Amino acid sequence: MIQGQYGFQHVNTESQLADPDSLYRAIRRMIHIRKEHHAFGRGSIQFIESNDPGVLAYLREHGEEKILLIHNLANSSRSFTLPAEYQGGYINLLTNEMQHIQSITLNPYSYHWMKKHAH
């Protein structure tokens with residue numbers, strides 16, 4: 001059995017449900033977002049060249065919906081500049097904030113899920 005800070009006394013369903021920033025709540029939100037946006041599972045996929053093996057960027061499209069996903073797979077921060085055709089207004093699906101994206105700095109192992117804003 002796991003002891004210490006990761007033991008069942010500290011990491012359990014009750015504590016995960018009580019913590020708005022818990023892993024459980026983050027995964028649950030991600031599942032909800034994926035179900036809400038059909039481009040995640042049914043859309044086409046177009047990989048975007050990053051010139052950095054630690055950055056994975058791609059666009060998912062389904063109908064009129066376009067979702068840009070950028071992942072930092074490295075254990076250090078990375079900067080990534082989007083090619084001109086992908087730059088523009090996006091709604092961050094994780095924070096619901098409107099952002100104009102040209103370049104972005106990614107924290108280690110972070111990700112951004114953004115929906116292209118319709119003009």
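Figure 1. Ser77 is partly exposed, with a relative accessible area of 43%. Here, buried means under 20% relative accessible area, exposed means over 50%, and partly exposed is in between (1.4 Å probe, protein chains only). This is a predicted model, in which local features need pLDDT of at least 70 and side-chain atom pairs count only at pLDDT 80 or more, while totals for chains, interfaces and linings use all residues. Residues are numbered from 1 along each chain as its sequence is written, and side-chain values use heavy atoms, with hydrogens and water left out. You will find Ser77 in the loop between E3 and E4; helices (H or I, at least four residues) and strands (E, at least two) are DSSP runs, numbered from the N terminus. Setting aside residues up to four places away in sequence, Ser77 touches Asn72, Leu106, Asn107 and Pro108, where contact means heavy atoms within 4.5 Å. Ser77 and Ser110 are 33 residues apart along the chain, and their C-alpha atoms are separated by 8.9 Å.

**Figure 2. Ser110 in its loop.** Let us move on to Ser110, in the loop between E7 and strand E8 (111-116). Is Ser110 buried or exposed? Ser110 is buried, because its relative accessible area is 16%. A polar atom of the Ser110 side chain lies 2.7 Å from the backbone oxygen of Asn107. This is a polar contact (a pair of N or O atoms within 3.5 Å; within protein, one must be able to donate a hydrogen and the other to accept it, and residues adjacent in sequence count only if both atoms are side-chain atoms). Not counting residues up to four places away in sequence, Ser110 also touches Ile70, His71 and Asn72.

**Figure 3. Ser50, another buried serine.** Ser50 sits in the loop between strand E1 (44-48) and E2. With a relative accessible area of 17%, Ser50 is buried. A polar atom of its side chain lies 3.0 Å from the backbone oxygen of Val55. Leaving aside neighbours within four places in sequence, Ser50 is in contact with Val55 and Phe80.

**Figure 4. The largest nonpolar core.** A nonpolar core is a set of buried Ala, Val, Leu, Ile, Met, Phe, Trp, Tyr and Cys residues joined through side-chain atoms within 4.5 Å. Which members of the largest core touch the most other members? Out of its 14 residues, they are Leu68, Ile70, Phe80 and Leu82. At least two residues of this core come from each of strand E2 (55-62), strand E3 (65-72) and strand E7 (103-106). E2 gives the most, with three residues. Apart from this core lies another one, of nine residues, including Tyr58, Ile67, Leu93 and Trp113. Look closely at Ile70: beyond its neighbours within four places in sequence, its contacts include Val55, Phe80, Leu82, Ile104 and Met114.

**Figure 5. A nonpolar patch on the surface.** Ile45, Phe47, Leu56 and Leu73 form this patch, and together they have about 380 Å² of accessible area. Patches are made of residues with over 30% relative accessible area and no salt bridge, with like charges joined within 9 Å and nonpolar side chains (Val, Leu, Ile, Met, Phe, Trp, Tyr) within 5 Å. Accessible areas come from the Shrake-Rupley method with a 1.4 Å probe, and for residues only the protein chains shown count as cover. Leu73 has its place in the loop between E3 and strand E4 (78-81).

**Figure 6. The salt bridges.** A salt bridge is a side-chain nitrogen of Lys or Arg within 4 Å of a carboxyl oxygen of Asp or Glu. How many are there by this rule? The count comes to two. In one of them, Asp52 pairs with Arg78, the closest N and O atoms being 3.0 Å apart. This pair links distant parts of the chain, 26 residues apart: Asp52 is in the loop between E1 and E2, and Arg78 is in strand E4. Asp52 counts as buried at 18% relative accessibility, whereas Arg78 is partly exposed at 24%. Glu65 and Lys115 also meet through their side chains in a salt bridge (3.8 Å, N to O). Glu65 in strand E3 and Lys115 in strand E8 are 50 residues apart, so this pair too links distant parts of the chain. Glu65 is buried, with a relative accessible area of 14%, while Lys115 is partly exposed, at 27%.
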